Amino acid sequence: MYISSLSLSNFRNYTSEKVTFSPHTNVIYGDNAQGKTNILEAVYLFSQGRSHRARTDRELIKFGEEFSHLSLDFHDKDRDYNAAVRLIKNGKKNIKVNHVQITKLSMLMNYLNAVMFSPEDLELVKGSPSARRRFIDSSISQLYPRYLTALIDYHKALGQKNSLLKTLKYKGARSDVMLSVWNEQLAVEGAKIMEYRREFTELLNKFASETQAEISGEKLKITYSPGIKISETDKSSVFKYLERNQRREIDLASAQVGVQRDDLNVTVDTKDARTYCSQGQQRTAALSMKIAEADYIRHIKGEYPVLLLDDIMSELDINRRSYLSQKIRDKQVLITSTDTDLTQSTSDTKLIHVENGKITEK
């Protein structure tokens with residue numbers, strides 16, 4: 001899979017620019033705060049339907065403008081695609097793929113697969129469980145639209161349950177038939193989510209442990225830590241578990257168990273990576289997890305995703321930088337950097353200079 005061109009209109013600090021890409025390595029370079037990361041953000045938007053850093057779509061629209069338009073040409077092993085996104089300041093975004101309207105985010109995410117590497121990836125190891133859940137969700141959702149649908153439906157039901165729990169505590173009630181109704185819906189969607197996450201973690205552990213061993217010789221292990229502590233993950237077992245926790249949840253006025261509390265346990269040489277490992281070990285583990293995400297997509301789809309490396313070469317020592325450069329050599333990669341010397345250029349490398357929202361192809 002690779003992208004061939006990107007057009008931006010009123011996006012971030014770009015007024016109207018178009019850039020073409022090599023199917024191999026593309027180095028996007030320039031000083032800080034010139035718009036390099038904005039290019040990766042635009043590509044990521046076509047993959048995930050949202051920005052990896054903005055809270056709302058309106059933040060992506062150039063200051064003082066009412067709309068933004070983006071267009072991307074990309075290709076997989078079977079066909080060519082053109083995708084277009086129109087962001088409206090006071091409206092919903094409009095998405096088309098090959099001129100066909102996309103009405104659901106889950107429909108968009110199955111077209112372009114991309115994996116973002118950034119300095120914030122260290123949070124995968126040392127950050128909160130929510131960072132690891134976002135990682136799980138973005139990885140699986142790119143390949144399985146049903147997973148994203150189940151996730152959206154689960155969180156809608158969870159919101160309704162939490163509202164009811166607050167009302168029940170205020171009233172001093174000990175139970176309510178509607179609580180079981182929401183638990184039943186959470187069990188249906190939660191059982192699906194747990195199964196997807198369990199299978200994903202098994203493959204993630206396989207690929208990441210291989211990469212960690214190659215980089216450092218250390219033994220990395222990643223295991224799934226579900227928020228529902230049961231051996232069987234069918235909807236009936238999940239429902240019974242949720243029901244057993246009704247009284248405690250009413251007392252605390254919020255849902256205390258469920259897939260919204262899932263996590264990944266990450267160990268290096270049997271030590272908890274978050275607590276006992278050095279930052280170098282944590283960074284290697286995070287890098288291994290991101291490479292494993294790309295390997296997971298390749299395993300399922302039969303081709304590698306587009307790799308987006310946002311200023312991470314400067315964060316790596318020479319050994320890790322050399323390993324990553326070798327690992328990505330035969331794939332399409334977009335690298336942002338202030339210094340082209342940090343990347344290992346080859347005859348296939350394309351240089352793209354960015355200065356104050358203007359793009360120059362070398």
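## Surface and overall form

The protein exposes about 16700 Å², of which carbon and sulfur atoms supply 47%, with accessible areas coming from the Shrake-Rupley method with a 1.4 Å probe and, for residues, only the protein chains shown counting as cover. This is a predicted model, in which local features need pLDDT of at least 70 and side-chain atom pairs count only at pLDDT 80 or more, while totals for chains, interfaces and linings use all residues. Residues are numbered from 1 along each chain as its sequence is written, and side-chain values use heavy atoms, with hydrogens and water left out.

The radius of gyration, taken over C-alpha atoms, is 22 Å, which agrees with the value near 21 Å that a compact globule of 362 residues would have under the rule of 2.2 Å times the number of residues to the power 0.38. Along the principal axes, the C-alpha atoms fill a box of roughly 70 × 50 × 35 Å. Buried residues (under 20% relative accessible area, against over 50% for exposed and in between for partly exposed) make up 53% of the 362 residues.

## Secondary structure and contacts

The protein has 11 helices and 15 strands, these being DSSP runs (H or I of at least four residues for helices, E of at least two for strands) numbered from the N terminus. Among contacts (heavy atoms within 4.5 Å) between residues at least 6 apart in sequence, 71% join residues at least 24 apart.

## Strand β3

Strand β3 (residues 25–29) is largely enclosed by the rest of the structure, because 5 of its 5 residues are buried. In a regular strand the side chains alternate between the two faces of the sheet. Both faces of β3 are covered, with Thr25, Val27 and Tyr29 buried on one side and Asn26 and Ile28 buried on the other.

Pairing requires that DSSP find at least two bridges between two strands. β3 pairs in the parallel sense with strand β13 (residues 333–337) over 5 bridges, where Ile335 is the bridge partner of Val27. β3 also pairs in the parallel sense with strand β14 (residues 350–355), over 4 bridges, and there Lys350 is the bridge partner of Asn26.

## Helix α6

Asn183 is found in helix α6 and counts as buried, at 0% relative accessibility. Leaving aside its neighbours within four places in sequence, Asn183 is in contact with Lys161, Phe239, Leu242, Glu243 and Gln246.

Met178 also has its place in helix α6 (residues 177–216), but this residue is partly exposed, with a relative accessible area of 35%.

Note on methods:
Buried means under 20% relative accessible area, exposed over 50%, partly exposed in between (1.4 Å probe, protein chains only).
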